[in-house]
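User: I am new to this structure and would like to learn how to read its features. Please take me through them in turn.

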Amino acid sequence: MMQNDGTIEFHAKAGVFVQSNTPITLTDLDRAFDLYTPFIGATGYALYHMLVRELPYNTRLDAREDHNFILDSLNVSLPDFVKVRRRLEAVGLLTTLYTEDALGEIYTYQLFAPLDVDSFFKEKLLAGLLFKYVGEERYLTLQKRYATQGQSNVKGDNISAKFLQVFKHDTATSLPTVEAKASHGKIEIEDDFNFENFTGLVRGTTIEKLAQHRDFLVSMHVIYGVDEVTLAGYTSQAISLDTHDVDEKILQQVMRQNRTTVVAEPVVSQSVQQNRSSEMLQLVQDAKTLAPNAFIEDVKFKKGGGFVTRNEYYFISKMIKYVRLKAEVVNMLVWYELGKRNRDTVNVDTAETIANSWLKMHVNSAEAALDAIEKYQPSRPTKRNYTKKVTRVEPKMPSDTSRNKPATSVDEVAEALAELKKLNIKTKN
């Protein structure tokens, strides 16, 4: 086992155990499919469903299965399995425990039922994710689907029987005690979002009213990857004029639709001003003030048009939520791909490689990212030298006279290739 910064090198040969503190029913699976699949993905749901199905059969320590049966059953690679498992962990459907015994490594996957509908829509992180991925119309449809069934308004007096009117309570009964455990995993957030600074930047309301929406506002920061200044600008647009309160629905719409608003004037260091052109200073300013989704659309607009692909949106989200790069650093990474390298879309493989090196270099600002870009020189493939000496392998011929046949010169080979090229005949290297 290799361990670094709290992470463990994962091996497919490690043993698998599955456990749940409460039964997970078909109704739970249906709810997970409707409400969680949009952000955990189809493979994430398939993994969760499969682990639930394995609960009754995965009990013997001496007959453990390794992870290969999961990878083969779901037809996923080892890195993809880890990615979807982390999604389940992040939304509270799964907790992963690691240990070792005499037979090797063991991963125990503790499963939790999805939140009930009322708790789900009150959980701003999960509800916000659902809204982001499915849009307003589908979000409202799902709310109605899981709302009160049957008559919308119920009238009449409650004449139902009370417990003691029907059953006799025996005070002498001694009930066995079973340790109660939480039925759902906790969603943990570790972030440097300064809520106090944020409240000081919002206009049109009070700190007390903003505090009532703290969970929702922090969830908007996490989901959309915006800093305090940017989120404050969006929130100010969603303040109700009559109550001076935050309209959460309007704020979600603003954050989905707003693409070009510059929220604040960034402070650029004197050393940067002296060493940068006006164009680069404007680039740094845009990187610091625009949300990543707005920044990439702005870059594409300045290049002459083009839309942001789903892979690009996912890449930006991954860099902020999982890799934990600052928004301004992600913006500079996007600019390098689209502006510096003049690509139509972000090459995710190249960008992830650069992001990995920036993490090691502790690049945490737009200025530092620009320095790293200017120092970075991607390796170029070496051009083939067709004039170098060609080693010719002579085939053996039945006749001995072939041994005295002079070898073809390099110039003759080059001349022959040139003739073939004129005739447009393809040759194998």
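This is a predicted model: local features need pLDDT of at least 70, side-chain atom pairs count only at pLDDT 80 or more; totals for chains, interfaces and linings use all residues.

User: What percentage of the residues in the chain is buried?

Analyst: A residue is buried under 20% relative accessible area, exposed over 50% and partly exposed in between, for a 1.4 Å probe and protein chains only. Of the 429 residues in the chain, 38% are buried. Contacts (heavy atoms within 4.5 Å) can be sorted by separation in sequence: among those between residues at least 6 apart, 68% join residues at least 24 apart.

User: Which residues of H18 are buried, and which are exposed?

Analyst: The general idea comes first. An α-helix has 3.6 residues a turn, so residues three or four places apart point the same way. In H18, the buried residues are Thr 350, Ala 351, Ile 354, Ala 355 and Trp 358. Seen down the axis of H18, the buried residues fall within an arc of 135° and therefore line one face of the helix; the arc is that of the directions from the helix axis to the C-beta atoms. On the other side of H18, Asp 349, Thr 353 and Lys 360 are exposed.

User: What is the length of H18, and what is found at its start?

Analyst: The expected span of a helix is 1.5 Å times one less than its number of residues. H18 covers residues 348-361, 14 residues in total, and from first C-alpha to last reaches 20 Å, close to the expected 20 Å. At its start, a side-chain oxygen of Asn 347 comes to within 3.2 Å of the backbone nitrogen of Asp 349. A polar contact is a pair of N or O atoms within 3.5 Å; within protein, one must be able to donate a hydrogen and the other to accept it, and residues adjacent in sequence count only if both atoms are side-chain atoms.

User: Which residue follows H18?

Analyst: His 362 follows H18. Its phi is near 60°, a positive value in a residue other than glycine. His 362 lies in the loop between H18 and helix H19 (366-375) and is exposed, with a relative accessible area of 64%. His 244 also has a positive phi, near 55°. His 244 is in the loop between helix H11 (228-236) and helix H12 (248-257), and at 41% relative accessibility counts as partly exposed.

User: In what order do the strands of the open sheet stand?

Analyst: Two strands pair if DSSP finds at least two bridges between them. Here four strands form an open sheet in the order E4-E3-E6-E5, with mixed pairing. E4 (65-66) and E5 (94-101) are at the edges with a single partner strand each, so one side of each is left without a neighbour in the sheet.

User: How does E6 pair with E5 and with E3?

Analyst: E5 and E6 (residues 104-111) pair in the antiparallel sense over eight bridges, and a hairpin of two residues joins them. Thr 96 has Tyr 109 in E6 as its bridge partner, and Asp 101 has Gly 104. E3 (residues 15-20) and E6 pair in the parallel sense over six bridges, with Phe 17 opposite Thr 108. E6 is mostly covered, as seven of its eight residues are buried.

User: How many aromatic pairs does the structure hold?

Analyst: A pair of aromatic rings is described by the distance of the centres and the angle of the planes. Rings of Phe, Tyr and Trp (its six-membered ring) pair if their centres lie within 6.5 Å; planes under 30 degrees apart count as stacked, over 60 as edge-to-face and the rest as tilted. The structure holds 10 such pairs. One of them joins Tyr 98 and Tyr 107 edge-to-face, at 5.1 Å centre to centre and 65° between the planes. Tyr 98 is partly exposed at 24% relative accessibility, whereas Tyr 107 is buried at 3%. Ring pairs also link Tyr 36, Phe 39, Phe 120, Phe 121, Phe 131 and Tyr 139 into a cluster.

Notes: Residues are numbered from 1 along each chain as its sequence is written. Side-chain values use heavy atoms; hydrogens and water are left out.
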